[in-house]
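Subject: Structure handover and notes

Hello,

Please find the structure below, followed by notes on what was found in it.

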Amino acid sequence: MKTWKHPLLAAALGALILVPPGLAQPADVRNAYGEEAIEFTARSGDSVAAFHGTITVPENRADPDSRMIEVSYIRFPATGDHPGSPIIYLSGGPGGSGSATARGPRFSLFQEMRQHGDVIAFDQRGTGGSTELPRCVSSEFVSEIEAVSDADYAAAQLRAVGACGVFWRQQGIDVRGYTTRESVQDLAALRDHFGAEQMTLWGISYGSHLALAALKDIPGQIDRVILASAEGLDQTVKLPAQTDLYFTRLQAAIDSQPAARALYPDIAQLMRRVHDRLDAAPVMLQLPTEDGTTLPFLLQRRHLQGFTSGLISDPQYAALLLMLYTQVDAGQYELTTMLLQRFWDIGEPITLSAMPTAMDLASGISDARLAEFERQLPGSLVGGYLNFPMPQIRGAWDGFDLGDEYRQPPQGDTPVLLLSGTLDGRTYLDSQAEAIAGLTDVTRIIVRNAGHNLYMTTPEVPAVMHRFMRGEPVADGEIIVELPDLTANPLEQ
């Protein structure tokens with residue numbers, strides 16, 4: 001089976017296919033930063049001159065004998081007459097790559113931001129072009145033809161994470177170095193590499209988690225910060241009740257469209273009905289393979305909850321989720337089959353990537369938040385699968401958690417622009433407010449009808465970012481984007 005990071009499901013649906021990195025290299029000429037001049041090509045086919053560079057840092061700064069690793073970046077040089085601090089883009093996940101993000105739909109925004117300073121597509125340690133970490137193929141198999149309980153599924157994940165920790169250490173990798181705090185020090189090293197007094201941080205989702213940690217650990221090195229879909233330092237695991245409130249907001253959006261309201265009068269009831277039915281009688285599917293044969297697959301509630309965790313990131317994918325549940329409720333499984341074929345490796349063992357596994361384990365969850373999570377879990381719509389395999393794998397590596405002091409929110413007066421979507425099913429309005437509560441110079445823009453990936457939803461979002469970067473007054477406010485047709489299949493658009 002495939003162990004997949006649920007936030008990446010929507011990104012995969014958006015891209016549909018992966019393409020090779022667009023890093024054509026016209027010549028191996030190194031500049032003062034030791035960078036190569038390259039031609040950077042986006043997935044759209046657009047190209048621009050840029051620079052590829054690396055910095056060399058200790059894998060684990062607490063170990064004086066640590067091996068050294070490379071952290072990679074793409075630099076798009078400033079185009080303005082008076083460039084400010086370098087702007088470091090921090091991708092989400094954890095496990096996303098800045099250079100990969102720059103090749104995608106945000107390519108044009110990366111280019112626009114150059115008017116304010118050099119824009120750096122930063123590949124956090126263990127991602128993108130940085131020192132590669134081998135994936136761990138564990139010996140843990142989860143049956144796909146027999147019913148498996150949530151507890152047994154979580155136990156298999158826990159065993160796989162424990163075994164993979166041993167595997168990575170045997171490969172010479174010091175997993176203790178793959179924490180958000182180490183990535184903060186990589187940012188400090190990058191700023192020093194450029195000879196800049198300060199840097200601007202620009203992040204989304206887990207990238208905002210990294211930015212908030214930087215505001216706490218190296219506040220004097222940060223000029224200003226732009227965040228979207230913020231994840232606080234004690235919010236690696238989201239609370240089930242907040243996810244259920246998201247579905248209340250989604251229902252209100254559905255009710256605003258007569259056709260959608262007729263199709264989906266009560267989505268919470270629909271989901272619970274489907275979950276109860278699958279708990280009582282899981283459905284055996286036959287999944288077509290490339291060679292024309294079929295493979296049996298027992299569909300359970302947890303599979304739909306896993307898909308839900310990714311599809312609720314943005315409203316256009318929530319529309320796909322509504323179709324999925326409606327089909328299953330009617331005993332139809334075409335969409336379910338398509339999603340399983342695309343995102344599940346049938347018959348494969350649990351396979352893990354080092355960077356996201358380590359980062360999530362280290363950021364962890366406090367005892368108090370875990371108790372609240374467990375209190376809210378029974379009967380919740382997505383159950384324990386929004387951030388799976390957290391918190392189920394908590395404590396898999398002894399002594400690895402960064403502790404409650406790390407999870408305390410940052411304080412300070414660094415200027416911060418926070419953009420939040422009302423239909424974001426992965427980071428929520430109230431929790432984002434909690435994440436930045438200790439910061440005194442925050443401008444908050446609510447983007448109504450937008451989801452998690454909101455930067456490209458409307459030209460008004462980049463416009464407010466540019467005003468903020470120019471130091472112009474920006475007041476708290478609201479941007480309204482058009483709600484997508486919640487009856488439409490995004491895969492057909």
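Tyr 89 and Trp 202 are both buried, where buried means under 20% relative accessible area, exposed over 50%, and partly exposed in between (1.4 Å probe, protein chains only). This is a predicted model, in which local features need pLDDT of at least 70 and side-chain atom pairs count only at pLDDT 80 or more, while totals for chains, interfaces and linings use all residues. Residues are numbered from 1 along each chain as its sequence is written, and side-chain values use heavy atoms, with hydrogens and water left out.

Aromatic pairs

Rings of Phe, Tyr and Trp (its six-membered ring) are taken as a pair if their centres lie within 6.5 Å; planes under 30 degrees apart count as stacked, over 60 as edge-to-face, and the rest as tilted. The count by this rule is 17 aromatic pairs. One of them joins Tyr 89 and Trp 202 edge-to-face, with 4.8 Å from centre to centre and 80 degrees between the planes. The pair links distant parts of the chain, since Tyr 89 is in strand 5 (residues 87-90) and Trp 202 in strand 8 (residues 199-204), 113 residues apart. Helices (H or I, at least four residues) and strands (E, at least two) are DSSP runs, numbered from the N terminus.

Trp 202 also forms an edge-to-face pair with Tyr 455, at 5.8 Å centre to centre and 80 degrees between the planes. This pair too links distant parts of the chain: Tyr 455 is in the loop between strand 14 (442-448) and helix 17 (460-469), 253 residues from Trp 202. Trp 202 counts as buried because its relative accessibility is 0%; Tyr 455 is buried as well, with a relative accessible area of 0%. Ring pairs link Tyr 89, Trp 202 and Tyr 455 with Phe 40, Phe 76, Phe 107 and Phe 110 into a cluster.

Charges over rings

A charge sits over a ring if NZ of Lys or CZ of Arg is within 6 Å of the ring centre and within 35 degrees of the ring normal. Arg 125 lies over the face of Tyr 178, 5.6 Å from the ring centre. The charged end of Arg 169 sits over the ring of Trp 397, at 5.6 Å from its centre.

Disulfide

With a disulfide defined as a pair of cysteine sulfur atoms within 2.5 Å, a search of the whole structure finds one. The sulfur atoms of Cys 136 and Cys 164 are 2.1 Å apart in this disulfide. The torsion about the S-S bond is about -85 degrees, so the disulfide is left-handed. It links distant parts of the chain, with Cys 136 in strand 7 and Cys 164 in helix 4, 28 residues apart. Both Cys 136 and Cys 164 are buried.

Second largest pocket

On a 1 Å grid over the protein atoms alone, a pocket is an open set of points where a 1.4 Å probe fits, with protein on both sides within 12 Å along at least five of seven lines; lining residues have an atom within 4 Å of a point. Grid points are joined across faces, edges and corners, and a volume is the space filled by probe spheres set on the points. The second largest pocket holds about 290 Å³ of space. Its lining has 18 residues, of which Asp 150, Leu 377, Ser 380, Gly 383 and Gly 384 lie nearest its centre. Helix 9 (267-280), helix 10 (301-311) and helix 14 (367-376) are the elements that give two or more residues to this lining.

Loop positions

Contact below means heavy atoms within 4.5 Å, not counting residues up to four places away in sequence.

- Gln 124, in the loop between strand 6 (119-122) and strand 7 (136-137), is buried at 1% relative accessibility. It touches Leu 90, Ser 91, Ser 130, Tyr 206, Leu 210 and Met 355.
- Thr 236, in the loop between strand 9 (222-228) and helix 7 (240-255), is buried with a relative accessible area of 4%. Its contacts are His 209, Glu 231, Asp 360, Ser 363, Gly 364 and Asn 387.
- Gly 172, in the loop between helix 4 (150-170) and helix 5 (180-193), is partly exposed at 43% relative accessibility. It touches Glu 59 and Arg 67.

Regards
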